[in-house]
Amino acid sequence: MSNFQRDIIIDEVYNYALKNKDVFFMSADFGAPALDKFRENLPDQFIHSGISEQHMIDMAAGLALDGNKVYVYAMAPFITLRCLEQIKCSLAMMSLPVTILGVGIGLGYADAGPTHYLNEDISVMNSIVNLDICSPSDESSLKFIAKQTIDIPKLRYIRMERNSLKNIYPNDYYFNKEGFEIIHKGKNICILSTGYMLHKAKEAGEKLLNDNIDVSIYDVINIKPLSNNLITEISKYEKIITIEEQTLNGGFGSIIINALFKNGISNRTVKCLGLKEKYYFQNGGREFLLNDSGLSSDSIYETVKNL
């Protein structure tokens with residue numbers, strides 16, 4: 001079995017679809033082994049839309065209106081920004097239970113350039129009413145999210161990596177269903193991150209702990225809606241750091257700050273780390289671009305240490 005995030009969730013949906021004929025999987029892509037299996041074994045429940053993501057969203061709305069559970073899959077930049085009006089008008093306005101699977105978030109498609117980078121999906125998708133945003137950090141958290149889409153169908157956007165991620169949680173890990181997990185519990189400093197950048201935060205956190213700087217690290221799996229218990233938890237810390245592979249305007253850090261202020265918490269030191277406010281045209285790979293924005297684990301370590 002592949003440990004690519006796309007194949008993990010497609011396999012989970014496939015196993016569910018084998019026993020439930022009201023499950024449909026729609027794709028604008030053919031480039032995944034799990035898609036081949038789905039298409040070959042469940043041809044009546046698989047629809048290849050071609051490179052027409054906007055049309056795919058409208059088709060998904062029709063299937064959902066007929067009482068089906070629908071999953072749509074494509075490269076993340078094209079199933080979000082390109083389809084924003086369709087997501088708003090065809091899905092969100094009617095709260096249709098469609099799961100949007102976007103692969104290749106952030107700078108995941110290096111070196112394909114700014115047309116394939118997705119530096120703003122959290123900001124853009126957060127503005128859509130009735131839509132939840134989920135961001136898995138490893139295989140176990142992705143399987144947990146997949147089960148949620150099956151058990152509680154609703155309009156969701158799942159942000160997936162192009163490549164696999166190292167495991168953070170064991171296979172039998174029990175997720176608390178609050179939409180966040182505590183990787184390490186410290187006292188005075190709190191680091192919040194999600195997805196790929198959580199791994200950078202974890203690496204930086206280990207260096208900080210070795211320096212006797214006692215930090216907490218939180219994995220925010222459900223970016224929208226945020227758990228009220230998460231805000232209660234982080235309000236206990238004097239210093240809060242958010243880390244994201246996004247431009248900062250309206251992104252993950254902004255969501256955290258807004259939630260704190262909504263809850264009357266305004267006397268904390270909050271530092272938001274993210275991509276530079278620019279479009280990246282340089283080649284050199286994802287790590288090169290992250291280093292350029294001060295988002296290497298070493299840079300995060302230095303920032304937190306000097307905060």
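Glu302 sits in helix α12, which spans residues 297-305; helices here are DSSP runs of H or I with at least four residues, strands are E runs of at least two, and both are numbered from the N terminus. Glu302 is partly exposed, with a relative accessible area of 39%, where buried means under 20%, exposed over 50%, and partly exposed in between (1.4 Å probe, protein chains only). Although Ala204 is 98 residues away from Glu302 in sequence, their C-alpha atoms are 8.6 Å apart in space.

A word on the model itself. It is predicted, with local features needing pLDDT of at least 70 and side-chain atom pairs counting only at pLDDT 80 or more, while totals for chains, interfaces and linings use all residues. Residues are numbered from 1 along each chain as its sequence is written, and side-chain values use heavy atoms, leaving out hydrogens and water.

Now step back to the domains. The protein is assigned domain 1 (5-160) and domain 2 (180-305), with bounds from an automatic or database domain assignment. Their centres, taken over C-alpha atoms, are 26 Å apart. Domain 1 brings 30 residues to the contact and domain 2 brings 31, contact meaning heavy atoms within 4.5 Å.

Together, the two domains bury about 2200 Å², 53% of it on carbon and sulfur atoms; this is the accessible area (1.4 Å probe) lost on putting the two parts together, summed over both. On the side of domain 1 that touches domain 2, α6 (121-126), β5 (132-134) and α7 (139-151) each supply at least two residues. Of these, α6 gives the most, with five residues.
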